[in-house]
Amino acid sequence: MIGRLRGIVLEKQPPLVLIEAAGVGYEVHMPMTCFYELPELGQESVIFTHFVVREDAQLLFGFNNKQERSLFRELIKVNGVGPKLALAILSGMSAQQFVFAVEREEIGALVKLPGVGKKTAERLVVEMKDRFKGLNGDLFTAASDISLPATAGKAADAPDPQAEAEAALVALGYKPQEAARMVSKVAHPDADCETLIREALRAAL
């Protein structure tokens, strides 16, 4: 299993990042809350990974620290939650925000995430509250810190950041019309793709 990558950031196309390590380019799916913290193109990054093998694909998911990866691994153990939905959940909320919502049983906040209905939200609260007791690290003991992380570096220049942002939201599970509406609400001339995604997800909550 590939558990960690240290390499150069070659491309960013939310929620995918291409990392070159030892001459090999790895396509890694990252939650947007982790994606925002990636360095600029051409710089080195260290990410912790989870490798998923399916009949039709082999997918690599990346995180900034082991605690976020642990949360992802616990999420995909929940009945009805696969890697794609777990990625969407951790894109719409930081790990701290998710823990905060689960511990306080805020079903209303969880159902605003793409692909999460009331039943899934209730299941997440019931199952994840017990799972948190077995997880370690500051990430899970500071649930009161629910602010979104700041952007650390802009995405590569793109001819249409708004279209890229919409495509990223669709990849995370939002319907095309909903993604377009979300981005149009926060669009402004100087915003790059990552900023639009971050603000659209924040507004959705």
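Helix axes are lines fitted to C-alpha atoms over the stretch in contact, and the angle between two of them is taken between their N-to-C directions, from 0 to 180 degrees. The model discussed here is predicted.

Q: At roughly what angle do the axes of helix H7 and helix H9 cross?
A: Helix H7 covers residues 161-171 and helix H9 covers residues 193-204. Their axes come within 8 Å, and the angle at which they cross is roughly 50°.

Q: Are H7 and H9 parallel, perpendicular or oblique to each other?
A: The crossing of H7 and H9 is right-handed. The contact is made by Pro161, Gln162, Glu164, Ala165, Ala168 and Leu169 of H7, together with Cys193, Leu196, Ile197, Ala200 and Leu201 of H9. Roughly parallel would need an angle under 35 degrees and roughly perpendicular one of 65 to 115, whereas the axes cross at roughly 50°. The two helices are therefore oblique.

Q: Which helices are included in what covers the buried residues of H6?
A: Helix H6, residues 118-132, reaches 21 Å from its first C-alpha to its last, close to the expected 21 Å. Its buried residues are Thr120, Ala121, Leu124, Val125, Met128 and Phe132. What covers them includes helices H2, H3, H4 and H5.

How values were computed:
Residues are numbered from 1 along each chain as its sequence is written. This is a predicted model: local features need pLDDT of at least 70, side-chain atom pairs count only at pLDDT 80 or more; totals for chains, interfaces and linings use all residues. Side-chain values use heavy atoms; hydrogens and water are left out. Helices (H or I, at least four residues) and strands (E, at least two) are DSSP runs, numbered from the N terminus. The expected span of a helix is 1.5 Å times one less than its number of residues. Buried means under 20% relative accessible area, exposed over 50%, partly exposed in between (1.4 Å probe, protein chains only). Contact means heavy atoms within 4.5 Å. Angles under 35 degrees count as roughly parallel, over 145 as roughly antiparallel, 65 to 115 as roughly perpendicular and the rest as oblique. A crossing is left-handed if the near helix is turned anticlockwise from the far one by less than a right angle, and right-handed if clockwise.
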